[in-house]
Amino acid sequence: MSPEGLGAAVHFKIHGQGKKNLNGDGLAVWYTKERMQKGPVFGNTDFFTGLGVFVDTYPNEEKHLEAQKRRYTPRTQRIFPYVLAMVGNGSLAYDHERDGRPTELGGCTAMVRNLKHDTFLFIRYVRRRLTIMIDIDGQHEWRDCLDIPGVRLPEGYYFGASAITGDLSDNHDLISLKLYQLTVLRSKQEEEEEEEILIPSVDNLELLRADGSEGGMSGIAIFFTVLFSLLGCFLLLAIGIVLYNYWSENSRKRFY
Ligand SMILES: [Ca+2]
């Protein structure tokens with residue numbers, strides 16, 4: 001199957017008795033080099049190679065901060081259940097305690113537990129653009145969840161799905177997983193320029209993380225850095241002019 005055009009429609013249901021986040025841990029849909037092996041990342045092994053899309057129902061990081069009597073800054077808080085995507089290259093670890101925040105490509109809140117209507121995810125990968133849409137309101141309408149350009153995924157990987165429970169539990173029903181090969185029309189030039197992708201990666205990963213707490217600088221940080229740099233330059237220039245005037249006045253005095 002060509003990875004230039006993949007689609008996966010996931011019909012799922014997450015339900016259980018737990019209230020107020022006393023449920024867990026969520027389910028995952030995979031497109032990976034390795035076949036499923038039992039492990040800690042929503043039931044699959046860590047250090048996977050490929051794409052993982054997670055429906056995380058338990059906010060581990062938030063509970064951890066709560067226990068330490070610390071709070072999120074509003075800019076970084078994610079409301080759970082939360083859908084997110086991660087691309088692994090075989091050496092990247094999923095941080096369970098932080099709900100995958102360090103490796104998150106993007107995501108959205110999705111209140112999917114204990115609903116009477118059907119809930120769906122649509123994962124689309126076309127022209128190195130990964131998009132995820134959700135249909136969880138019972139309106140039969142797709143809502144954008146994430147849209148990431150520059151995602152490189154090799155051909156011929158395995159599709160899979162898994163779920164995990166821990167001290168807390170839930171029912172994770174996978175009702176259907178429909179896979180589509182999407183036709184992508186490409187010009188001759190595009191076809192010639194096409195290079196085979198061997199290792200999964202994401203372009204500009206640092207930029208994508210700039211809105212989170214990891215790496216990069218936020219817009220405000222960049223603004224102030226530029227502002228203070230400019231102010232610094234003006235200050236140096238002003239000192240330079242004063243010194244020059246002082247020096248030229250002194251040298252004139254010496255002449256007369
Ligand atoms: Ca979690």
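Here is a short walk through the model, one selection at a time.

**Before you click**

What you have open is a predicted model, in which local features need pLDDT of at least 70, side-chain atom pairs count only at pLDDT 80 or more, and totals for chains, interfaces and linings use all residues. Residues are numbered from 1 along each chain as its sequence is written, and side-chain values use heavy atoms, with hydrogens and water left out.

**Stop 1**

**Stop 2: the five-stranded sheet**

Next, show the strands. Helices (H or I, at least four residues) and strands (E, at least two) are DSSP runs, numbered from the N terminus. Two strands count as paired if DSSP finds at least two bridges between them. Look for an open sheet of five strands, ordered β10-β9-β8-β1-β13 and paired antiparallel. Its edges are β10 and β13 (171–181), each pairing on one side only. On average, neighbouring strands here are turned by 15 degrees against each other, direction ignored; the axes behind that angle are lines fitted to C-alpha atoms, for helices over the stretch in contact, and angles run from 0 to 180 degrees between N-to-C directions.

Now zoom in on β8 (residues 119–126) and β9 (residues 129–135), an antiparallel pair joined by seven bridges. Select F120 and you'll find D135 as its bridge partner in β9. The β8–β9 hairpin has two residues between the strands, and R127 takes a positive phi near 50 degrees there.

How many bridges pair β9 with β10? Five, again in the antiparallel sense. Pick M133 and look across: D144 in β10 stands opposite. As for burial, buried means under 20% relative accessible area, exposed over 50%, and partly exposed in between (1.4 Å probe, protein chains only). By that rule β9 is mostly covered, with six of its seven residues buried.

**Stop 3: the disulfide**

A disulfide is a pair of cysteine sulfur atoms within 2.5 Å, and the structure holds one. The sulfur atoms of C108 and C145 sit 2.0 Å apart. The S-S torsion of C108 and C145 is about -105 degrees, so the disulfide is left-handed. Distant parts of the chain are linked here: C108 belongs to strand β7 (residues 106–109) and C145 to strand β10 (residues 143–148), 37 residues apart. Both C108 and C145 are buried.

**Stop 4: helix α1**

Move to α1 (residues 60–67), where the buried residues are N60, E61, E62 and L65. After α1 comes K69, with a positive phi near 55 degrees.

**Stop 5: aromatic rings**

Show Phe, Tyr and Trp side chains. Rings (for Trp, the six-membered one) pair if their centres lie within 6.5 Å; planes under 30 degrees apart count as stacked, over 60 as edge-to-face and the rest as tilted. There are 13 aromatic pairs in the structure. One of them is F54 with Y94, edge-to-face at 5.3 Å centre to centre and 75 degrees between the planes. This pair links distant parts of the chain, F54 in strand β5 (residues 49–56) and Y94 in the loop between β6 (82–89) and β7, 40 residues apart. F54 counts as buried because its relative accessibility is 0%; Y94, at 8%, is buried too.

**Stop 6**

Finally, select 220–247, which UniProt lists as "transmembrane region" in an unreviewed entry; UniProt positions are given in the numbering used here, feature names are shortened, and annotations may be inferred rather than shown by experiment. This stretch is 100% helix and 0% strand, with its end C-alpha atoms 40 Å apart.

F224 is partly exposed at 37% relative accessibility, while F228 is exposed at 53%.
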